[in-house]
Amino acid sequence: MEQPFIPLPHKDMQSDFSPLPISDRSLHQWAECLLEKPKVLQDIVLIPVPQSLLSLPYEARRRSPTVQKTLNEWERQIREDDLCFGFEERCWIPRVEIYIPNTPHGQQLIQIATEIGKIPLLAGIVPKNQEQAYWLKTLHYFYQARGILFAYKLLRGIPNPSSTKGVFQQYFSTSIIRNLKLVNEVDIAEYQLISAGEPYLKSWMAGRQQPYPFQDPLQLFLEIEKQAFLQGWELGPNNAGDWVSIEDQKDLLSVRVFLLQQFQWTEFKRIEKRGTYKEQERRYLKFLQKNGWYGRFILALRSHGEPNLEALRFHNGPKLEEPWRQYVEALRDSKIAYIDDFYWRKGLPYKRKENTVEPKPIPCSSIPPDQCNCPFRSLGTDLSASNCLKLLQEATKKTAERARVKGSLNSLGYLLWLWA
């Protein structure tokens, strides 16, 4: 998944003045107007308000005692979290305010968004260094945005935050919004597949005399996402081996889609790299058997997927070919959002950095005439002070390396990733 990254040289931007009281909103507004605000992930504050406040202008809404109380409670909690993450004290903390009707429907929306948003914080992960702490916070920001978008798609009731006029456009970069939309397509498709296939999963579990502890499909969806987050952390920051290349990540996701579709590949190059379909299927089924609730979910529903429509007609439960197809297609179309452009090695993050190697100039006078076709030569110009254009162009090279990056809080409190 592409991550928010600012490719600028690191610069210590500590302010010369002492931190002013947190309640000094005028300083915050002045600084945000004066300094450029990067479009990166940041905290999302969900604020329940009476319907009457939603029609007011933004600043008038924010001055409401109800809103101020919510913001003060949020700021107190987030500063406690900063201490736990080992962050330096921030004079102010960037935020995206999303106002939600204070109705039973709105409260349900907040609850679902919050449950998804706090997955990284409740995963029991203890960062091993400051970079991992910054990364965990970055993922927390992403899951907050992911949670509100999932809740919106599931329940509606608020403006679409990812639309062209939505709140995300004001705060996030185009690539972040693209990734959020793609991941959301998979989330919604997975949840709908869980909802449709829950009877089969319960029957599958009962046949193995194993308990099914979830009250509704949403609980199972949240449990699957918690386990997926922990697996991602193990493959990334906690990976003790070498990094996995972007090309290998893409191929692994392609293999997963093929196995979900149960479509065999026959091209020689694919077999040479991946092995035969049957070999990969055996590994995949073994992986699913050890992969917690996601593995049980896929194993229970896999026989009812699209390639087995004839067998499906003998079941009295809901048909799964359409939700299964939608899930597989969403996963296939969203692969780019799951490709991590950070490489983790020995607990530290790296990113691909391209460099241009400029050639050393070579004087035309030092090159035999048959090897230099610069236009000056045909004019009979004195070439003693000229450099060969042909060799200059041919010798220009571009190289790429994986260079260390580090998290940094700028003077406005935004979390950026810079070259170390």
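The structure is a predicted model. The chain has 420 residues, of which 47% are buried, and it holds 17 helices and six strands.

**The chain as a whole**

- Of the contacts between residues at least 6 apart in sequence, 72% join residues at least 24 apart.

**Helix H4**

- Helix H4 covers residues 65-85.
- H4 has 21 residues, which at 1.5 Å a residue should span 30 Å; the C-alpha atoms at its ends are 30 Å apart, so the two values agree.
- The buried residues of H4 are Val67, Thr70, Leu71, Trp74, Glu75, Ile78, Arg79, Asp81, Asp82 and Phe85.
- Looking down the axis of H4, these buried residues fall within an arc of 165 degrees, so they line one face of the helix.
- In an α-helix there are 3.6 residues a turn, so residues three or four places apart point the same way.
- Pro65, Lys69, Leu83 and Cys84 are exposed on the other side of H4.
- Thr70, one of the residues in H4, counts as buried because its relative accessibility is 18%, and the cut-off for buried is under 20%.
- Leaving out residues up to four places away in sequence, Thr70 touches Leu46 and Ile47.
- Gly86 follows H4 and has a positive phi, near 80 degrees.

**Val49 in strand S1**

- Val49 lies in strand S1, which runs over residues 43-49.
- With a relative accessibility of 0%, Val49 counts as buried.
- Apart from neighbours within four places in sequence, Val49 is in contact with Leu54, Val67, Tyr99, Ile100, Pro101 and Asn102. Among these partners of Val49, Val67 is also one of the buried residues of H4.
- Val49 and Thr103 are 54 residues apart along the chain, and their C-alpha atoms are separated by 8.7 Å.

- Strand S3 (residues 342-345) pairs with strand S4 (residues 348-357) in the antiparallel sense, over four bridges.
- Arg345 has Leu348, in S4, as its bridge partner.
- Two residues lie between S3 and S4 in this hairpin, and Lys346 is in the turn.
- Lys346 counts as exposed because its relative accessibility is 73%, and exposed means over 50%.

- Most residues other than glycine have a negative phi.
- Lys346, in the loop between S3 and S4, has a positive phi near 50 degrees and is not a glycine.
- Arg156 is not a glycine either, and its phi is positive, at about 60 degrees.
- Arg156 sits in the loop between helix H6 (130-155) and helix H7 (167-171).
- Arg156 is partly exposed, with a relative accessible area of 42%.

**Cysteines**

- A disulfide is a covalent bond between the sulfur atoms of two cysteines.
- With a cut-off of 2.5 Å between cysteine sulfur atoms, the count of disulfides is zero.
- Cys84 counts as exposed, at 70% relative accessibility.
- Cys91 counts as partly exposed, at 25% relative accessibility.

Terms used
Residues are numbered from 1 along each chain as its sequence is written. This is a predicted model: local features need pLDDT of at least 70, side-chain atom pairs count only at pLDDT 80 or more; totals for chains, interfaces and linings use all residues. Side-chain values use heavy atoms; hydrogens and water are left out. Two strands pair if DSSP finds at least two bridges between them. Buried means under 20% relative accessible area, exposed over 50%, partly exposed in between (1.4 Å probe, protein chains only). Contact means heavy atoms within 4.5 Å. The expected span of a helix is 1.5 Å times one less than its number of residues. The arc is that of the directions from the helix axis to the C-beta atoms.
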